[in-house]
Amino acid sequence: MEKSLKNQVALVTGGSSGLGQSICIYLAKAGAKVAVNYHSDEEGAKFTVDAIKKEGGEAFAVQADVGDEQSVEAMFEKVFNTYNNLDILVSNAGIQKDAPLDEMTLKDWELVIKTNLTGAFLCSRLAVRYFLKRGVVEGISKSAGKIIFMSSVHQEIPWAGHINYAAAKGGLTEFMRTLSQEVANKLIRVNSIAPGAIKTAINEEVWKDEKQVKQLLKLIPYNRLGEPEDVAEVALWLASDKSEYVNGTTIFVDGGMSLYPGFIGNG
Ligand code: NAD
């Protein structure tokens, strides 16, 4: 693999599993030193770090709750103390706490908003502060910094029974666009990825059940579930100078899920 991220430092939140883990490995293979954030799954983070080191890459694990201001500040401090730099933030950590609105507790509403939306605010705020202060470093990247948010097709597709999640991802979309509008003239690039149904722990009970997979495939014109690597490829591209002119947009990685496939053959 071409070392498109040579001498760059990346912080990936939720790097102990699923999409975050795969993204950490892809960024490291492209030459980035990777700070692998985890919340409670220390083993998972260790797996990610070991996988990177086995391939000759550099990484370390850093614990933090992305929804907690002090915890996020301490995480950034550790990243700067360890690698003395930051070029790429992948704000990926996210959770689901599903229930229809009439049954949803305030606690589950707040936890999802706190993790999926406030987490993006807290992490990107510190990244932007640093990128603004540092600016472009000649010979490293054409941009002063790159931020990638992990959104979802549900930033656009309503999702009954998951109103906290859909509201967080919808909010994240306008957050991302507004931030990009704020900082693009400082050469800071901000974009989102909106995955469809990718096989990770977050939706394990669906893809491990044949019946549910059959139902789900009706929503995916490309007719297969996604793999974490489908998303990691796009994250790598967004993190590199190859996408330099891409600003404030969302790339859907969903096998066509957002194309309203219910309309296929309909009239
Ligand atoms: P996952 O459950 O494997 O990963 C979520 C990660 O977030 C875990 O590593 C978890 O430890 C971490 N996390 C949770 N709360 C945290 C906190 N407070 N602080 C720090 N880390 C925390 O699932 P995934 O599919 O890899 O999810 C990653 C992102 O992708 C999420 O934002 C999710 O909403 C999004 N996404 C996933 C899919 C999919 O089909 N898998 C689809 C659309 C969007």
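1. Let's start with asparagine 164, which sits in helix 5, the stretch covering residues 163-183. Keep in mind that this is a predicted model. Asparagine 164 has a relative accessible area of 0%, and because the cut-off for buried is under 20%, asparagine 164 counts as buried.

2. What does the side chain of asparagine 164 find there? One of its polar atoms lies 2.9 Å from the backbone oxygen of lysine 97. If you skip the neighbours within four places in sequence, the contacts of asparagine 164 are Lys97, Met104, Asp108, Trp109, Val112 and Ile113.

3. On to the ligand. There are 28 residues around it, with Ser17, Asn92, Tyr165, Ile198 and Thr200 the closest. By type, the shell splits into twelve nonpolar, 14 polar and two charged residues.

4. Which polar atoms face the ligand's oxygens? Tyrosine 165 places a polar side-chain atom 2.5 Å from a ligand oxygen, and serine 17 does likewise at 2.8 Å. With glycine 196, a polar backbone atom is involved, 3.1 Å from an oxygen atom of the ligand.

5. How much of the ligand does the protein bury? On its own the ligand would expose 820 Å², and 92% of that is buried by the protein. Helix 1 (18-29) and helix 5 are the elements that contribute two or more residues to the shell.

Terms used
Residues numbered from 1 in each chain as written. Predicted model: local features only at pLDDT ≥ 70, side-chain atom pairs only at ≥ 80, totals over all residues. Heavy atoms only, no water. Helix = DSSP H or I, 4+ residues; strand = E, 2+ residues; numbered from the N terminus. Buried < 20%, exposed > 50% of the residue type's maximum accessible area, 1.4 Å probe, protein only. Polar contact = N/O pair within 3.5 Å; in protein donor to acceptor, adjacent residues only side chain to side chain. Contact = heavy atoms within 4.5 Å. Near = heavy atom within 4 Å. Areas by Shrake-Rupley, 256 points an atom, 1.4 Å probe, with all protein chains shown as cover. Nonpolar A, V, L, I, M, F, W, Y, C, P; charged D, E, K, R; others polar.
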